[in-house]
Amino acid sequence: MVAMVTAPSGSTGGRMYGGQEGDARRAERRAQLIEAGLDLLGSDDGDHTLSVRGVCKRAGLATRYFYESFTDRDALIVAVYDHVVQRIATSTLEAVSTAGPGEREIVEAGVSNIVRAVAEDPRHGRLMFSVAQSSEVLAQRRLDSSRLFAGLVTKQTVGFYEVAESPRLDLAAHFMVGGLAQTLTAWLNGTVTLPEEDLVNTCTDLLLSMAIHTR
């Protein structure tokens, strides 16, 4: 049951605990902690000693608020990573769905969205691709997200080319996702020095060259 604590007579306001206002405040604090975690995990060299106290200090919240949303630091790491992956996956699907009907237009829209996402907020790229992050939790999450994006590639391929799913198609999808991830890693750390537009065009060409192996 929702509990209401009303203000004393003569006061000008009241607070609701356990109801919508309380839920909204918890959600806001959770978002602050996720953003603080992203700041730390997505820093230039990564934060290998991410701590509850450190995240709370970054978020400007008392330590007790951490545990209303997360059981431990690993739970926060998972939430931060999933938050980033979900944003990129959702925006990429939207970009692909609104692209032109041609094969190149669709592939280029997806690649461009991913590249722009990691270019505009380098924290995203560092979190998803940086080898400086050695957390076992992140390693497992990266494996899971690779499977997720490979599944999205497979789904788009099946729909576009009207082909059946197969081990060959699954292999090609993982090859594409892994190759793009390594390319973006090299681009983000400066090993690959192409301008963003050239990067998108070249990756699109390479992915299209793989199309023959998906049919």
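**Exercise 1. Confidence along the chain**

Find the average pLDDT of this predicted model, then locate where confidence is lowest and highest.

*Solution.* Start with the whole chain. Its pLDDT averages 85, and 85% of the residues score at least 70. Next, go element by element. Strand E1 (residues 3-5) has the lowest confidence, with a mean of 37. Helix H8 (residues 196-209) has the highest, at 95. Now check the stretch around that strand. Residues 1-14 have a pLDDT below 50. Beyond near neighbours in sequence, this stretch makes 12 contacts in the model.

**Exercise 2. Two loop residues**

State where threonine 98 and glutamate 162 lie, and decide whether each is buried or exposed.

*Solution.* Take threonine 98. It sits in the loop between helix H3 (73-97) and helix H4 (103-120). Now look at its side chain. A polar atom there lies 2.9 Å from the backbone oxygen of glutamate 94. The backbone oxygen of alanine 95 lies 3.3 Å from a polar atom of that side chain.

Turn to glutamate 162. It belongs to the loop between helix H6 (136-161) and helix H7 (167-188). At 72% relative accessibility, glutamate 162 is exposed too. Phi is near 55°, a positive value in a residue other than glycine.

Terms used
Residues are numbered from 1 along each chain as its sequence is written. This is a predicted model: local features need pLDDT of at least 70, side-chain atom pairs count only at pLDDT 80 or more; totals for chains, interfaces and linings use all residues. Side-chain values use heavy atoms; hydrogens and water are left out. pLDDT is the predictor's confidence in each residue, from 0 to 100. Helices (H or I, at least four residues) and strands (E, at least two) are DSSP runs, numbered from the N terminus. Contact means heavy atoms within 4.5 Å. Buried means under 20% relative accessible area, exposed over 50%, partly exposed in between (1.4 Å probe, protein chains only). A polar contact is a pair of N or O atoms within 3.5 Å; within protein, one must be able to donate a hydrogen and the other to accept it, and residues adjacent in sequence count only if both atoms are side-chain atoms.
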